[in-house]
Every structure is written in C-alpha cells, then in structure tokens.
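Here's a quick tour for anyone meeting this structure for the first time. Have a look at the sequence and the model, then read on.

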Amino acid sequence: MAINKKQHAQWSSSFGFVLAAVGSAVGLGNIWKFPYMVGESGGSAFVIAYLFCIALIGFPILVAEWFIGRRGQKNPINTFMDVAESEGRSRSWGIVGASGILGGFLILSFYSVIGGWALNYITKTGSGAFVGQDSDAVGATFDAMLASAGTLTIWHTVFMIITALIVGVGVTKGIEAASKILMPLLGIILFVIVGYNVVSGGFGEAFSYLFAPDLSKLNSQIVLAALGHAFFTLSIGMGIMVAYGSYLGQEVNLLKTARLVIILDTVIALAAGLAIFPIIFSNGLDPASGPGLIFVSLPIAFGKMTGGTIIGAMFFLLITFAAVTSSISLLEPSVELLEERTSLNRTMATVVAAVVVWLLGIAALLSFNLWSDVLIMGNNIFDALDKLTSKFLLPITGLAGIIFFAWRMNQDAIRAELNLSGTAWQVWQVVSKFIAPIAVLVVFVTTLIGMG
Ligand code: PHE
C-alpha cells in the first residue's frame, strides 16, 4: 500500500510538471511563429536547421536549466547565485538569471499583441465573418485589423488583463488543470485541419516544401533564426525553465521529461505547418507574408469547410488558451522578482510589471500602423523586440547557462543525478560541453561576420 501511494505521488507530481512545462513551451511560437518563419526562410532548410537546433542545443539546455533550478529552488537570479556559490564559483553568475528575466519580459510585450489578434479572431471567425470569403477578402480583413491602432490596443489590453489576473490572483494551478483537457483538444483540431487539407488539396506540395531536404537555401541567417526559434519555442534562455525546475522533485527523470516535452512541442509545430501551408499553396498565397500568415490562411479554410465557423472559433479560442499558458510563465518571473526585491506585494508587483509590459506592447503594435516608420537599426519596434530577444538575449543566456552547467558544476554529481553511465554519459558530456555551446557560438560568429 505504502509503495503504491508513493508511486502514485511520484507519477502525479511529474505529470503536473510535464503539463506546466508543455503549457509554457506550446504556444504562439508553435502555431503562429514557426509557420511564418518557415515561410520567410523558404521552407525545409529552416525546418532542418530547427530540428538540429532542438535536438543538439535545445535538449541539453532544457535539461541544464531544470537541473540548476532543482538545485537552487529559488527565482532564477538567486538560483544561479546560490548554485554558483555552492559549486565554489562567483555569485555574479546570477546575471544569467537576470538576462533571462529581461528576455521573458520583453517577449511578453509583443506576445500579448499576437495573443490579442487571436482573441479578436475568435469573435471574427465565430460570427461567420469568413464564410465563403476568398483569399483577398480574408487578407483585407487582416490588413484592416492591423491598420487600426485602436482595435489592436483593445485586444492587446484584454490579453494582458487576462494574463495579469491569472498571475496576480495566483490561479495558475487551475489553468494547469484546464490545460489537461484543452491542450489535447488543440492538438485534435490541428489534426482535423491537416485532415481537411489532405482531402482538399495542396498537401503534397506543402509536405515537400516543409520536408524535402533543400539545403541550397541554407545560410547563416536561417540557422540563427532557427536557433533563436528553438529557444523561443522551448521557453529556454529565459529563466522560465529554471524557475519551473525549482518545483521538481528528485524523482523526476530530467532526460525523459525533456524528451517528452520536446517531442510534443515539435509535433505541434510541424502539425501547424501542415495545417497552414496546403492552404497557402492551394490559394496562391505568399508563404513569406510574415507574422500574419496564420490569420490570412486558416480563415479561408474555415470559411469553406462544413462546421468551419465553430471549428474556426474553437481553434482561435484554443490557441488563445495556449498563448495564455505561455504568457503567464513569461510574466511570473518578473512579478516574483519584484515581490522579493521590493516592498511591493503580489498584487502591486503584478500591476507594475503588467503595465510596463503593456506600454511596451503598445509601442510594438503601433509598428503596424501609426509608427510604421519608426525604425531601430532598420527594424520596426515589433521586429526589433522579436529579434533582440530571439536572436540575442535568449541564445546568449542559454549559452551562459550551459557553460555554467557543463564547465562550472561538479560533473560527478550531475552524472549520478542524471543516472547516466558508460557511453550514454560520454555522449552527454560531448554534447553538453562541446556541441551545444560551440554550435551556439559558431552560429553567432558567422552571422556577425556575415552582417559586417
Ligand atoms: N514557448 C512559447 C511558445 O512557443 C513562448 C514562450 C517563450 C513562453 C518564452 C514562455 C517563455 O509560444
């Protein structure tokens, strides 16, 4: 009996953890961002680079972040400081946690804008606005939304309020419980759309666009974009997984859990690709049309398929939900930090963090209309925030994290805790000490040289 009880407790705690980690990982990155990045980079070259980055860089960094979090048991800054100190290293490693929190904070500003688009599209699709519409009409609806600073502000505000309420009131647990039902539903709807595409055309073309190896298009910009996206989609390089690691029991097998989270995250992203590109090709749309890609493609299919109004509204509702499970994980570390480091209570800390993020988000959404000429090094504010985080902050933070883990922590203890021996341990050592950090460095340096 006692044994049974213990096994059950172990299972349910690691299951809850997997849910929270998947909730953070699966979000707009998989369904909104991945397809349009594939489209901007010309297809399979990006997909292949991305899969390599996930396996060789994302995987070890995810494990390292959980490992460090489980050791430190605090917010990311104090975790890095304490773990560094206990390993006889400088407490200034805490800066890794700080740059992670900054990255998450900046990401949330533009993430909330897109969450707002998804919210707006629940009502648009649900009211039948797209029934029988051709691609021009669907595109015009999207452009009209982008042109209206007022509309974007309203929905961005609603999304931020939802996020702040959940974090402020601390009902994250309820959200996790709901995600047990809603995340699988999202997966099912995605596959329904993929199934629809199989019968209605464009599928073969989309499939080879995504998967037929065409390395001629590969260049360092694409690899850097793929690397940045690997960080973004797994929520690594942001201190989030470090924070989640602090809730982890010793019994949880980090390697297996990381494998599961990565597989689920990748399957959802690839399914999103197969849901979107057939519609793009069969309607003669441009795959490289950028952040609006899912909003100008999927509604065409929802407008045509039987039950499309309901399926479409459900789809946007579910991706909003997936976005919320990610956005709460983006806001939480900043709130936690304000709470611990200032005299603000949780409510005030949430309000302060949310208002600052909200203001930044306004600047980001104005880049689609009133401020479209405001450029920072050639990028509008939205793109600048996206690139600064995905291409710089996250990879640098992740790199520092894996260097700390593989070169500054006691490796015997790691081997024992990961329960690795023989060849498996050697492979792990090569990957975590050399392949992952060197790959990140090489991508950086080649891109910098390429830029110069
Ligand atoms: N991983 C989330 C997604 O793919 C986004 C996110 C990034 C969430 C960073 C938390 C932290 O949508």
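## Loops, rings and a core

Gln73 is partly exposed, because its relative accessible area is 47%, a value that falls between the 20% and 50% cut-offs. Keep in mind that this is a predicted model. You'll find Gln73 in the loop between helix 3 (44-72) and helix 4 (76-86).

Look for Asn419 in the loop between helix 17 (411-418) and helix 18 (422-451).

Now for the rings. How many aromatic pairs does a search of the whole structure find? It turns up 31. Take Phe142 and Phe295: their ring centres are 5.8 Å apart and their planes meet at 15 degrees, so this pair is stacked. Phe142 belongs to helix 6 (residues 135-147) and Phe295 to helix 13 (residues 293-304), so the pair ties together parts that are 153 residues apart in sequence. Phe142 and Phe295 are both buried.

Then there's Tyr209 with Phe281, where the centres are 5.1 Å apart and the planes sit at 75 degrees, so that pair is edge-to-face. This pair links distant parts of the chain too, with Tyr209 in helix 9 (residues 203-211) and Phe281 in helix 12 (residues 254-282), 72 residues apart. Both Tyr209 and Phe281 are buried.

Rings also show up under charges. In each row below, the charged end of the lysine sits over the ring.

| Lysine | Ring | Charged end to ring centre |
|---|---|---|
| Lys33 | Phe232 | 4.2 Å |
| Lys433 | Trp407 | 4.9 Å |

In soluble globular proteins, nonpolar side chains tend to be buried together. Here, the largest nonpolar core has 153 residues, and the members touching the most others are Trp32, Trp66, Trp117, Phe315 and Phe405. Helix 12 supplies the largest share of this core, with 17 residues.

What is Trp32 in contact with, leaving aside its neighbours within four places in sequence? Its partners are Phe110, Ile114, Trp117, Pro291, Ile294, Phe295 and Phe382. Among them is Phe295, the ring that stacks with Phe142.

Conventions: Residues are numbered from 1 along each chain as its sequence is written. This is a predicted model: local features need pLDDT of at least 70, side-chain atom pairs count only at pLDDT 80 or more; totals for chains, interfaces and linings use all residues. Side-chain values use heavy atoms; hydrogens and water are left out. Rings of Phe, Tyr and Trp (its six-membered ring) pair if their centres lie within 6.5 Å; planes under 30 degrees apart count as stacked, over 60 as edge-to-face and the rest as tilted. Helices (H or I, at least four residues) and strands (E, at least two) are DSSP runs, numbered from the N terminus. Buried means under 20% relative accessible area, exposed over 50%, partly exposed in between (1.4 Å probe, protein chains only). A charge sits over a ring if NZ of Lys or CZ of Arg is within 6 Å of the ring centre and within 35 degrees of the ring normal. A nonpolar core is a set of buried Ala, Val, Leu, Ile, Met, Phe, Trp, Tyr and Cys residues joined through side-chain atoms within 4.5 Å. Contact means heavy atoms within 4.5 Å.
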